[in-house]
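Morning, everyone. Please have the model up on your screens.

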Amino acid sequence: MACPSVASFLSIHNMCGGMIDRFGTPEQKAKWLPDLCSMRKVFSYCLTEPGSGSDAAALRTRAARSNEGWRLNGTKAFISGGGYSDAYVVMCRSGDNSPRGISTVVVEAGPFRPTT
Ligand SMILES: Cc1cc2nc3c(=O)[nH]c(=O)nc-3n(C[C@H](O)[C@H](O)[C@H](O)COP(=O)(O)OP(=O)(O)OC[C@H]3O[C@@H](n4cnc5c(N)ncnc54)[C@H](O)[C@@H]3O)c2cc1C
C-alpha cells in the first residue's frame, strides 16, 4: 500500500535538502540540514508561479537587496505544503531575465500563516 500524497510531500522536502546540500555554503548546510534531515523542520519547494509552470525560467518573483538583506516580491502557486511548512526554498529573479538571472533563497515561515 502507498500514499502518493505523502510520497510527494516527502520527495519535495528531500528535493529541498538535495539543493541545499549540493549548492549551499558550509554555513547554510550547517544551519538548515540537521533540522531538515531529522524533519524537525518541513521544507517546501517554490518554483511554480501563476504565469510560469513548465516554462520555469519565465518566473517573475523578484529578489532585491534591502538594508535588512533581501526583499522578495512575487506570487507562487501550487506549492505543496504552502502555509504548513517551516521553511521555503524559493526560486526568484535576482539578476537579468535569462535563466542565469535566477537565484534560490531559503525563507523561514513567519509567525502569521494562512489558515486556508
Ligand atoms: C498536486 C501538485 C503539487 C505541486 N506542487 C508543487 C510544489 O511543491 N512546488 C512547485 O514549485 N510547483 C508545484 N506544482 C506545480 C507543477 O510543478 C506545475 O503544475 C507544472 O510545472 C506544470 O505547470 P502548469 O500547471 O503551469 O502547466 P503548463 O506549464 O501551463 O502546461 C500545461 C500543458 O501544456 C504542456 N506544455 C507546456 N509547455 C509546452 C511546450 N513547450 N511544448 C508542448 N507542450 C507544452 C504541458 O505538458 C501541459 O500538458 C504542483 C502541481 C500540482 C498539480
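Ser66 stands opposite Gly69 in S3. This is a predicted model: local features need pLDDT of at least 70, side-chain atom pairs count only at pLDDT 80 or more, and totals for chains, interfaces and linings use all residues. Residues are numbered from 1 along each chain as its sequence is written, and side-chain values use heavy atoms, with hydrogens and water left out.

Back to the strands. S2 (residues 62–66) pairs with S3 (residues 69–73) in the antiparallel sense, over five bridges. Pairing takes at least two DSSP bridges between the strands. Two residues sit between S2 and S3 in this hairpin. Strands are DSSP E runs of at least two residues, helices H or I runs of at least four, numbered from the N terminus.

Next, H2. H2 has 12 residues and reaches 16 Å from first C-alpha to last, close to the 16 Å expected at 1.5 Å a residue. That expectation is 1.5 Å times one less than the number of residues. Which residues of H2 are buried? Trp32, Leu33 and Leu36. They fall within an arc of 105° seen down the axis of H2, so they line one face of the helix. The arc uses directions from the helix axis to the C-beta atoms. On the other side of H2, Pro26, Glu27, Ala30 and Lys31 are exposed. Buried is under 20% relative accessible area, exposed over 50%, with a 1.4 Å probe and protein chains only.
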